[in-house]
Amino acid sequence: MVRIGIDLGGTNIVAGVVNEQNEIIAKAECKTNLPRPADAIIEDMARVTEQAVEKAGLTMDDVQYVGAGCPGTCNLETGIIEYSSNFGFKEVPLQKILSERLGKPVYIENDANAAALGETIAGAAKGAKSALCITLGTGVGGGIIIDGKIYGGFNFAGAELGHIVIVEGGEPCPCGRKGCWEAYASATGLIRQTKTAIEAFPDSPMAKIAKEYGKVSGRTAFDAMRQGDPIGKAVVDRYIGYLACGLVNIINIFQPEVLCIGGGICHEGDTLIKPLEAYIERERYSKYSKNQTRLCVATLGNDAGIIGAACLGA
Ligand SMILES: [Zn+2]
């Protein structure tokens with residue numbers, strides 16, 4: 001028997017057929033095209049599921065169950081997406097509608113939590129009993145795995161690791177707080193910090209790089225630093241400080257076996273990882289413990305959410 005994992009993203013809806021070795025054997029996808037009513041989106045989730053099953057050369061009879069990673073707060077007991085700001089969802093009974101449509105049991109979970117489970121089952125954190133997975137993108141997503149299971153809190157609203165405050169009274173965050181880790185350590189945060197430095201130093205090599213590419217990206221400051229620009233280096237150093245500060249906070253609370261970070265910025269490799277490790281080693285509370293949290297880079301990318309969703313009914 002195979003299982004289906006669906007990743008309901010803001011840009012794409014992707015369904016994957018996952019075998020018993022937790023490998024994706026076929027995928028199908030379509031655009032999410034927000035904003036749209038929940039019913040239309042759920043119908044597309046069913047449609048891409050059927051397409052993926054067909055691509056795998058199977059029928060729905062071969063499918064054990066369907067798991068879906070969805071944005072927002074997913075109540076695992078009722079199968080309802082209680083709230084999703086990006087999707088404009090409020091009280092959407094996803095589990096019931098999708099299960100009736102496909103004739104299969106359906107499990108739902110928050111997408112970042114599903115991705116953390118996927119990375120722990122089949123990716124960089126494979127084999128770890130406890131893991132924290134952080135994704136650095138538009139925001140900072142996070143998932144907590146304890147004893148191989150997702151910890152989402154008693155009301156399923158966890159784990160919003162991006163919304164721990166690292167600068168009291170700092171940058172405003174869409175969540176309503178000020179100084180959230182997400183506002184500093186996300187790709188969006190890095191781009192903002194880069195733009196501010198370019199405005200202050202319009203003749204710097206970093207400003208020239210931004211002009212050449214016609215835009216500022218998460219790479220701009222790293223590229224400037226590699227060309228020997230002290231302004232670029234200052235932005236990178238500061239960004240790594242913000243990122244590391246939050247990482248040490250969560251290591252101090254959870255002391256996970258593995259701390260896995262993902263997202264486009266991780267393509268910087270050792271340029272990012274080495275200074276992070278040095279900061280963590282210097283500041284973590286567990287300096288004198290025999291065993292230390294292992295920092296690693298996520299390996300599954302977008303497939304993590306699909307594999308994790310396909311494991312929700314296990
Ligand atoms: Zn926030």
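In helix 10, the buried residues are Ala304, Gly305, Ile306, Ile307, Gly308, Ala309 and Ala310. The helix, which spans residues 303-310, is thus mostly covered, with seven of its eight residues buried. The elements that cover these buried residues include strand 1, strand 2 (12-18), strand 3, strand 4 and helix 3. The model is a predicted one, and the description below should be read with that in mind.

**The sheet with order 3-2-1-4-8**

Several of the strands that cover helix 10 belong to an open sheet of five strands, arranged in the order 3-2-1-4-8 with mixed pairing. Its edges are formed by strand 3 (24-31) and strand 8 (106-110), each of which pairs on one side only. Averaged over the sheet and with direction ignored, neighbouring strands are turned by 20 degrees against each other. Strand 4 (residues 63-70) pairs with strand 8 in the parallel sense over five bridges, and within this pairing Val66 stands opposite Val106 in strand 8. Two helices pack on this sheet. Helix 2 (residues 94-102) touches strand 1 (2-8), strand 4 and strand 8, and its direction makes about 145 degrees with that of strand 8. Helix 3 (residues 111-122) likewise touches strand 1, strand 4 and strand 8, but its direction makes about 100 degrees with that of strand 8.

**The sheet with order 11-10-9-12-13**

Another open sheet of five strands has the order 11-10-9-12-13, again with mixed pairing. Strand 11 and strand 13 (294-297) are its edge strands, each pairing on one side only.

| Strands | Sense | Bridges | Residues standing opposite |
|---|---|---|---|
| Strand 9 and strand 10 | antiparallel | six bridges | Leu132 and Ile144 |
| Strand 9 and strand 12 | parallel | five bridges | Ala131 and Val258 |
| Strand 10 and strand 11 | antiparallel | two bridges | Ile145 and Ile150 |

Strand 9 and strand 10 form a hairpin, with three residues between them. Five of the six residues of strand 9 (residues 131-136) are buried, so this strand is largely enclosed by the rest of the structure. Among the elements lying across strand 9 is helix 8 (residues 230-254), which also lies across strand 10 and strand 12 and runs at about 155 degrees to strand 9. Helix 3 lies across strand 9, strand 10, strand 11 and strand 12, running at about 55 degrees to strand 10. Helix 3 therefore has a place in the description of both sheets, since it packs on the sheet containing strand 8 and lies across strands such as strand 9, where contact means heavy atoms within 4.5 Å.

For comparison, the ideal angle for four tetrahedral donors at a metal is 109.5 degrees.

Cys173 is buried with a relative accessible area of 9%, and Cys180 counts as buried at 0% relative accessibility.

The structure holds zero disulfides. Cys133 is accordingly in no disulfide, and the nearest cysteine sulfur, that of Cys260, is 4.4 Å away, whereas a disulfide is a pair of cysteine sulfur atoms within 2.5 Å. Cys133 is itself buried, with a relative accessible area of 9%.

Note on methods
Residues numbered from 1 in each chain as written. Predicted model: local features only at pLDDT ≥ 70, side-chain atom pairs only at ≥ 80, totals over all residues. Heavy atoms only, no water. Pairing = 2+ DSSP bridges. Helix = DSSP H or I, 4+ residues; strand = E, 2+ residues; numbered from the N terminus. Axes fitted to C-alpha atoms, helices over the stretch in contact; angles between N-to-C directions. Buried < 20%, exposed > 50% of the residue type's maximum accessible area, 1.4 Å probe, protein only.
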